[in-house]
Amino acid sequence: MNVSDVVVRARGLVKTHGQGQSRVRAVDEVDLEVPQGQTLTVMGPSGCGKSTLLHLLGGLERPTGGEVWVAGRRVDTLSERALARMRRRSVGFVFQAFHLVEELSAAENVELPALLAGRSRRQARRCANLLLERVGLADRARHLPSQLSGGQRQRVAIARALANEPLVVLADEPTGNLDTAATLDVLRIFEELRSAGQTLVIVTHDERVAATADRLVSMRDGMFVDDTRLAASHPRGLGGLIGLGD
Amino acid sequence: MQDAVLAMLAKEPSHGYHLRARLRQCLGPLGESMNSGQIYVTLTRLEKAGLVVCERADGLPERPERKVYALTPAGQRRVAAWLTEVGWPKPDLAEFHLKLAAAAAARLADPVELVAAQRRELLRRLREVQQAALAEPAGSGAGLLLEGVVLRLRADLRWLDACERAWSGADDEVEGG
């Protein structure tokens with residue numbers, strides 16, 4: 001693999017929590033390379049370290065050991081300021097609990113990252129409108145988060161994550177608080193992003209979300225225990241899958 | 001059932017009644033519907049197919065229950081193939097359950113690995129079905145069918161999680177208790 005095609009890379013990544021006897025290795029010697037355009041999902045039970053891993057990759061937490069590289073640049077050693085700038089420019093985050101600013105409208109929430117990155121109010125507004133249209137919420141632009149359903153709020157959060165055209169979108173249990181219909185809306189957006197070549201890393205324990213990926217890694221006790229390419233097509237086609245070929 | 005019986009013989013040559021007892025232990029109340037002759041019918045078929053050989057134990061030549069059955073090399077190959085085979089859309093839960101138990105009893109394969117292989121295959125299928133489901137317009141009949149397939153696959157995947165949890169801690173227990 002060409003090194004320049006790797007968007008996110010981790011080497012010997014370790015994160016420990018706690019002290020002495022209660023010390024836990026949340027992430028234990030993880031190596032990972034996510035190439036440009038790949039959708040990777042990380043699956044595992046609660047407490048297996050998958051959210052911590054995502055935080056380390058996105059520079060929200062610093063590792064205890066090992067290295068994190070984003071777009072060919074080592075980021076775990078950056079100053080706080082440089083790290084914050086890297087997050088703003090290169091990474092889009094989507095969280096289980098949406099984390100929208102409740103006092104701002106949907107459009108204003110989506111504008112925020114662009115404004116923080118120094119773009120003009122007009123540019124930010126234009127970009128926000130396009131993104132809200134992309135997630136099917138053009139008609140909700142002026143609504144406050146409290147006036148939106150859970151699924152709509154998460155779609156606003158995804159639009160916000162895309163505001164600065166990030167190299168990678170990191171999503172932590174993006175459907176954890178959503179019902180089936182809203183989950184499908186979010187999956188549809190991820191599927192569109194995937195086909196558009198957006199690099200995505202999604203942490204989930206929902207098989208349905210996991211199955212949208214090109215590649216799935218399973219995590220247990222801070223380590224990867226399985227690494228599967230899902231992109232292989234079934235030789236008998238969809239009909240074969242449900243037994244119509246028999 | 002033939003494959004499960006073969007895989008049990010991979011542990012050691014056995015009498016028919018012993019095999020039946022192991023099957024019933026593995027299946028619990030689900031095994032109660034098996035009649036006593038079924039195991040001998042299966043063993044006779046396997047013998048005709050050249051997958052097992054039958055030897056009469058010394059001393060009591062005419063008593064059928066004294067027959068000891070053992071795998072032939074062809075039988076061993078069939079067991080190895082069966083262990084790695086992934087079955088869906090007609091998931092036979094009992095068959096998979098027996099496969100894990102037999103693999104562990106004969107130390108032929110790590111049950112946790114067999115579960116992982118099955119999970120990988122089901123996830124590939126889930127991905128394919130789900131992509132098709134997402135592409136269907138709302139309210140389409142095909143979408144409804146695909147949703148049913150998605151739900152079945154998810155149920156199977158959850159059961160595999162339970163299998164993994166059970167067998168991860170069962171290194172010293174054979175036959176899954």
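**Close-ups of a predicted model**

**View 1. A four-stranded open sheet in chain A.** In this predicted model, four strands of chain A line up as an open sheet in the order β2-β1-β4-β5, with antiparallel pairing. At the edges sit β2 and β5 (73–74) of chain A, each of which pairs on one side only. As a bit of background, strands in a sheet pair through backbone hydrogen bonds, and they can do so in a parallel or an antiparallel way.

**View 2. The hairpin of β1(A) and β2(A).** Let's zoom in on one end of that sheet's order. Strand β1 (residues 6–17) of chain A runs antiparallel to strand β2 (residues 24–35) of chain A, and nine bridges join the two. Look for His17(A): its bridge partner in β2(A) is Val24(A). Between the two strands of the hairpin come six residues, and Gly18(A) takes a positive phi near 80° here.

View 3. Which residue of β5(A) stands opposite Trp69(A)? That's Arg74(A).

**View 4. Two helices packing in chain A.** Packed helices are described by the angle between their axes and by how far apart those axes are. Here, helix α3 (residues 106–116) of chain A packs against helix α4 (residues 121–134) of chain A at an angle of about 125°, and their axes are 8 Å apart. α3(A) and α4(A) are therefore oblique to each other, and their crossing is right-handed. By class, the contact between α3(A) and α4(A) has 10 nonpolar, two polar and three charged residues. On the α3(A) side, the residues that meet α4(A) include Ala106(A), Val110(A) and Leu115(A); among those they meet in α4(A) are Ala124(A), Cys127(A) and Leu131(A).

**View 5. A three-stranded open sheet in chain B.** Over in chain B, three strands make an open sheet in the order β1-β3-β2, with antiparallel pairing. Its edge strands are β1 (14–15) and β2 (52–56) of chain B, each pairing on one side only. β1(B) pairs with strand β3 (residues 67–71) of chain B over two bridges. To find your way around, spot Ser14(B), which stands opposite Tyr69(B) in β3(B).

**View 6. Stepping back to chain A.** Chain A has eight helices and 10 strands in its secondary structure. Its radius of gyration is 19 Å, close to the 18 Å that the globule rule gives for 246 residues, so chain A is as compact as a globular protein of that length. The C-alpha trace of chain A spans about 60 × 45 × 40 Å along its principal axes.

How values were computed: Residues are numbered from 1 along each chain as its sequence is written. Chains are lettered from A and ligands numbered from 1 in the order in which they are written. This is a predicted model: local features need pLDDT of at least 70, side-chain atom pairs count only at pLDDT 80 or more; totals for chains, interfaces and linings use all residues. Two strands pair if DSSP finds at least two bridges between them. Axes are lines fitted to C-alpha atoms, for helices over the stretch in contact, and angles run from 0 to 180 degrees between N-to-C directions. Angles under 35 degrees count as roughly parallel, over 145 as roughly antiparallel, 65 to 115 as roughly perpendicular and the rest as oblique. A crossing is left-handed if the near helix is turned anticlockwise from the far one by less than a right angle, and right-handed if clockwise. Two residues are in contact if their C-beta atoms, placed from the backbone, lie within 7 Å. Ala, Val, Leu, Ile, Met, Phe, Trp, Tyr, Cys and Pro count as nonpolar, Asp, Glu, Lys and Arg as charged, and the others, Gly among them, as polar. The radius of gyration is taken over C-alpha atoms; the globule rule is 2.2 Å times the number of residues to the power 0.38.
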